[in-house]
Amino acid sequence: MSGGEQKPERYYVGVDVGTGSVRAALVDQSGVLLAFADQPIKKWEPQFNHHEQSSEDIWAACCVVTKKVVQGIDLNQIRGLGFDATCSLVVLDKQFHPLPVNHEEDSHRNVIMWLDHRAVSQVNRINETKHSVLQYVGGVMSVEMQAPKLLWLKENLRETCWDKAGHFFDLPDFLSWKATGVTARSLCSLVCKWTYSAERGWDDSFWKMIGLEDFVADNYSKIGNQVLPPGASLGNGLTPEAARDLGLLPGIAVAASLIDAHAGGLGVIGADVKGHGLVCEGQPVTSRLAVICGTSSCHMGISKDPIFVPGVWGPYFSAMVPGFWLNEGGQSVTGKLIDHMVEGHAAFPELQVKATARCQSVYAYLNSHLDLIKKAQPVGFLTVDLHVWPDFHGNRSPLADLTLKGMVTGLKLSQDLDDLAILYLATVQAIALGTRFIIEAMEAAGHSISTLFLCGGLSKNPLFVQMHADVTGMPVVLSQEVESVLVGAAILGACASGDFASVQVCWGESRGPRQ
């Protein structure tokens with residue numbers, strides 16, 4: 001900028017609701033993260049495979065972290081706010097009060113979490129219909145999507161929940177409603193988890209066929225009949241009440257939201273790689289696979305034309321990047337599986353003591369322990385006799401079989417720290433092999449993938465990153481800004497503010513990668 005006065009810096013706030021915590025960031029126009037805060041959120045598991053949360057608890061956590069990241073900032077310089085969240089189901093009555101999603105009639109617990117598997121019978125019946133909408137979810141609907149959960153509520157909680165319900169929100173859309181009072185839904189949520197089509201809208205015949213004709217009768221008012229692309233500005237921006245809650249000014253632009261994995265995909269897949277000597281420089285963005293790895297993992301690949309991949313969700317038009325089709329592979333448990341394997345081992349207490357003594361996380365300690373015991377061979381060969389099949393919570397992609405279970409083969413009688421470290425390594429390798437399995441299915445259907453772009457909590461673990469490179473044979477690129485999901489959420493706010501014409505323009509401004 002030459003001559004005249006320097007324009008004041010403009011800032012954007014991204015809020016990310018994950019499985020166990022809410023995080024917020026203050027981001028500048030270059031995509032640099034200036035402030036970060038996180039806050040845990042409550043989870044309930046009243047019975048096996050039932051996972052619940054509270055929308056009031058989640059919103060309260062959003063308020064805590066947002067107030068923290070804007071401390072000391074001139075609020076007039078904050079131009080936009082974007083939300084992303086897990087694709088959990090929020091249930092409210094006609095007056096927007098929480099309704100119970102449980103037999104205990106606890107209305108505080110009004111969210112069925114994304115990983116909830118209570119609706120097995122319902123999803124099996126939906127898949128038996130072979131309805132044409134299923135071709136856009138890899139041919140088989142997942143128990144983690146919203147239609148089976150809605151049918152479960154109708155069949156199991158008719159009087160306490162279903163008959164009183166006025167609004168069913170995907171969690172990202174609940175947050176944007178809470179901030180603006182606008183009930184419009186994001187195209188991302190509805191296309192990816194609710195069978196909505198960007199070109200054709202809702203399919204009446206599907207809802208009638210599965211026994212949820214109620215939605216057709218009221219013109220889909222309970223699940224969304226106003227649909228906006230991610231990043232579109234909602235209503236008149238932040239309401240005075242929400243502004244008070246969040247510590248921001250009323251009227252700040254609020255964006256139509258994204259699912260958390262899609263925010264991560266948005267934050268990394270378009271990274272500018274020029275000048276870093278990476279093999280993907282000069283290759284099309286469609287050659288990249290964004291892997292968002294946390295509690296679970298999602299594998300995001302985009303294409304100019306629709307590609308149908310058996311067992312992989314999509315193709316979804318404009319659900320993540322405007323104008324591109326999205327395919328979404330996934331593993332239902334990754335970070336959660338690693339925790340499960342490590343914490344359940346007999347040597348875990350010893351590991352905790354030794355890691356604490358060294359002021360390390362248990363995973364940093366395990367990584368260094370593996371380096372100690374590998375001797376002259378590459379670390380990957382330590383598992384030559386130990387193998388894990390990682391589908392402890394079913395297989396999301398590409399087998400799309402929720403009945404699958406996990407397996408460990410090659411166990412010995414010893415249970416010392418070495419055994420724990422090798423079991424941890426085998427679990428990480430199994431997850432990386434699952435990623436390769438998904439890539440192979442996508443490539444067989446027509447994708448051409450040459451580089452992995454990783455983000456999310458597990459991308460901070462060097463062993464996890466290295467195993468993905470080794471097992472897939474592909475280079476792995478990590479964003480210079482490690483909190484890519486929050487950058488994706490902030491990009492939404494930047495688009496809603498009007499400061500950037502499109503998501504792709506935001507990409508051009510963001511920081512580059514590291515390999």
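**Exercise 1. Describe the polar side of the interface between domain 1 and domain 2.**

*Solution.* The model is predicted. Next, take the elements on the domain 1 side. Those giving two or more residues to the side that touches domain 2 are α2 (120–128), α5 (187–193), α15 (484–497) and α16 (503–509). Of these, α5 gives the most, with 5 residues. By residue class, that side of domain 1 divides into 19 nonpolar, 8 polar and 3 charged. Finally, look for salt bridges. The rule finds 2 across the interface.

**Exercise 2. State the domain bounds, then work out the extent of the contact between domain 1 and domain 2.**

*Solution.* Domain 1 covers 11–259 + 484–508, and domain 2 covers 273–478. Their centres, taken over C-alpha atoms, are 26 Å apart. In contact are 30 residues of domain 1 and 26 residues of domain 2. The area buried between the two domains is about 2,300 Å², with 65% of it from carbon and sulfur atoms. On the domain 1 side, W114, Y136 and G138 lose the most area to domain 2, together 19% of what that side buries.

**Exercise 3. Which parts of the chain does the salt bridge between E52 and R118 tie together?**

*Solution.* Start with the distance: the side chains of E52 and R118 meet at 2.9 Å, N to O. Now place the partners. E52 lies in strand β4 (residues 52–53) and R118 in the loop between β7 (111–112) and α2, so the pair ties together parts 66 residues apart in sequence. Then check exposure against the 20% limit for buried. E52 counts as buried because its relative accessibility is 0%. R118, at 8%, is buried too. R118 also meets D116 in a salt bridge (3.0 Å, N to O), and D116 is buried.

**Exercise 4. How far apart in helix α11 are K354 and E350, and are they buried or partly exposed?**

*Solution.* The side chains of K354 and E350 form a salt bridge (2.9 Å, N to O). They sit 4 residues apart in helix α11 (residues 348–357), so about one helical turn separates them. K354 is partly exposed, at 35% relative accessibility. E350 is partly exposed, at 35% as well. Elsewhere, salt bridges that share partners join E52, E104, D106, R109, D116 and R118 into one network.

**Exercise 5. Locate C280 and list what C280 touches.**

*Solution.* C280 lies in the loop between α9 (260–269) and β13 (288–293). C280 counts as buried, with 1% relative accessibility. Leaving out residues up to four places away in sequence, C280 touches V273, T451, F453 and V477. Take T451: 171 residues separate C280 and T451 along the chain, yet their C-alpha atoms are 6.6 Å apart.

Conventions
Residues are numbered from 1 along each chain as its sequence is written. This is a predicted model: local features need pLDDT of at least 70, side-chain atom pairs count only at pLDDT 80 or more; totals for chains, interfaces and linings use all residues. Side-chain values use heavy atoms; hydrogens and water are left out. Domain bounds come from an automatic or database domain assignment. Contact means heavy atoms within 4.5 Å. Buried area is the accessible area (1.4 Å probe) that two parts lose on being put together, summed over both. A salt bridge is a side-chain nitrogen of Lys or Arg within 4 Å of a carboxyl oxygen of Asp or Glu. A polar contact is a pair of N or O atoms within 3.5 Å; within protein, one must be able to donate a hydrogen and the other to accept it, and residues adjacent in sequence count only if both atoms are side-chain atoms. Ala, Val, Leu, Ile, Met, Phe, Trp, Tyr, Cys and Pro count as nonpolar, Asp, Glu, Lys and Arg as charged, and the others, Gly among them, as polar. Buried means under 20% relative accessible area, exposed over 50%, partly exposed in between (1.4 Å probe, protein chains only).
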